[in-house]
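Student: Could you walk me through this structure? I have not looked at it before.
Tutor: Gladly; here it is.
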Amino acid sequence: MAYDYEKHIRPGKLPHIWCPGCGHGIIMKGMIRAFEACGLEKNNTAIISGIGCASRMTGYMDYNTLHTAHGRAAAFATGVKMAKPEMDVIVVGGDGDGTAIGGNHFIHACRRNIDMTYVIMNNSIYGMTGGQFSPCTPTGALASTTVYGNPDPTFDIAKLAIGAGATFVARGTAFHAAQIEKLVAEGIRHKGLAVIEILDDCPTTYGRRNKFRSVIDMMKRLKEIAVPVAAAAKMTPEQLEGKVLTGVLHKEERPEYTEQYAQVISRAKGA
Amino acid sequence: MSGAKAEIEIIERNCKGCSICVEFCPTKVLAMDAFVVKVENADACIACMQCELRCPDFAIKVHKL
Ligand SMILES: Cc1ncc(C[n+]2csc(CCOP(=O)(O)OP(=O)(O)O)c2C)c(N)n1
Ligand code: SF4
Ligand code: SF4
Ligand code: SF4
């Protein structure tokens, strides 16, 4: 049997609004399979997004969803998790939403190690608003706001998450569709803040400007630059030039925030 | 005799013609027909699922035989 994605999607919502070849749909499908693999129940799961093309995912998923303000997904999600620690809380959004306007909420969710799964769809650009550069736009790349080439250094989302204290950090790509499911599922099962960065493509506002002839070229690039962590361990720095590590990049155990907070509540009650 | 390991279903109203499924099918089962994908070489399908996994638009389903 072919996979039944439709039972996870609100009736009448397909075809979705994303452009031809946009990786957001591939990532949504990987997440659906991960939800099913983990046995997430619709009534006990909340998906929370900010604003952007990626963030539109909450409009499609037939779960408890919150489509919030730009950059504020992690803050709303933290509120949901604090009020209902028994719920599975998933945060989704783009690189702009999560690391520019929402960078502050992102690092503090990591620092607290609150038990949520944050899937960040990194297409290196602000897609929705027409291709302004984001903190994840490669240095030198063209965007509508860097027409002479981006002078800024680029955020490495995984390193940022590890530095800020996330206890599970992984990276995949929109090309490696089966791996998305595995990484998201492992993130959901992890107790603590799990960040899963998926390198994504925006053919409409990034690809065209940056001399990718087609969405296929963008997919091929994702295929070429990705190196699984195990394979990378056997490669020389020269061989790794221009490559990006994929798979589980970091995993540790550390006290989880809602559990710590429950103890604060019982101390305050004098228990 | 048909050698197909799966039957491919195309949901035309969802297909946006990105051609990702066509490009990465290992046995060249699929082809573009103007702006929508079509099954061109059904017998060659090895049921690897790559097209269904990668379609961003929920437009192609692989029914294993
Ligand atoms: C407070 C606020 N500032 C700016 C915007 C305009 N805006 C909407 S989406 C967006 C960027 C989206 O980029 P990203 O999060 O990377 O997602 P993508 O569209 O690329 O999937 C911006 C700047 C807004 N909606 N609200
Ligand atoms: S503008 Fe870019 S990110 Fe937005 S739907 Fe189109 S391809 Fe996807
Ligand atoms: S299942 Fe595999 S072989 Fe069959 S059409 Fe899809 S990609 Fe091609
Ligand atoms: S990947 Fe999906 S949307 Fe793209 S051409 Fe194939 S069936 Fe159509």
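Student: In what order do the elements of chain B run from the N terminus on?
Tutor: The order is β-α-β-β-α-β, which makes two helices and four strands in chain B; helices (H or I, at least four residues) and strands (E, at least two) are DSSP runs, numbered from the N terminus. This is a predicted model, in which local features need pLDDT of at least 70, side-chain atom pairs count only at pLDDT 80 or more, and totals for chains, interfaces and linings use all residues. Residues are numbered from 1 along each chain as its sequence is written, chains are lettered from A and ligands numbered from 1 in the order in which they are written, and side-chain values use heavy atoms, with hydrogens and water left out.

Student: And how much of chain B counts as buried?
Tutor: Of its 65 residues, 49% count as buried, meaning under 20% relative accessible area with a 1.4 Å probe and protein chains only.

Student: What about I11(B), buried or exposed?
Tutor: I11(B) counts as buried because its relative accessibility is 18%. I11(B) sits in the loop between β1 (6-10) and α1 (20-24) of chain B.

Student: Which residues is I11(B) in contact with, leaving aside neighbours within four places in sequence?
Tutor: Those are F58(B), A59(B), I60(B) and K61(B), where contact means heavy atoms within 4.5 Å.

Student: Switching topic, what surrounds ligand 2?
Tutor: Its shell consists of W18(A), C19(A), C22(A), H24(A), C53(A), N123(A), G127(A), C202(A), P203(A), T204(A) and T205(A), a residue being near if one of its heavy atoms lies within 4 Å. Helix α8 (residues 203-207) of chain A gives the largest share, three residues.

Student: How many of them are charged?
Tutor: The shell around ligand 2 has no charged residues, but six nonpolar and five polar ones; Ala, Val, Leu, Ile, Met, Phe, Trp, Tyr, Cys and Pro count as nonpolar, Asp, Glu, Lys and Arg as charged, and the others, Gly among them, as polar.

Student: Then the largest pocket: which residues lie nearest its centre?
Tutor: Nearest are N122(A), L199(A), R221(A), I225(A) and V244(A), from a lining of 29 residues. A pocket here is an open set of points on a 1 Å grid over the protein atoms alone, where a 1.4 Å probe fits, with protein on both sides within 12 Å along at least five of seven lines, and lining residues have an atom within 4 Å of a point.

Student: How does the lining split by class?
Tutor: The lining of the largest pocket has 16 nonpolar, five polar and eight charged residues.

How values were computed
Buried means under 20% relative accessible area, exposed over 50%, partly exposed in between (1.4 Å probe, protein chains only).
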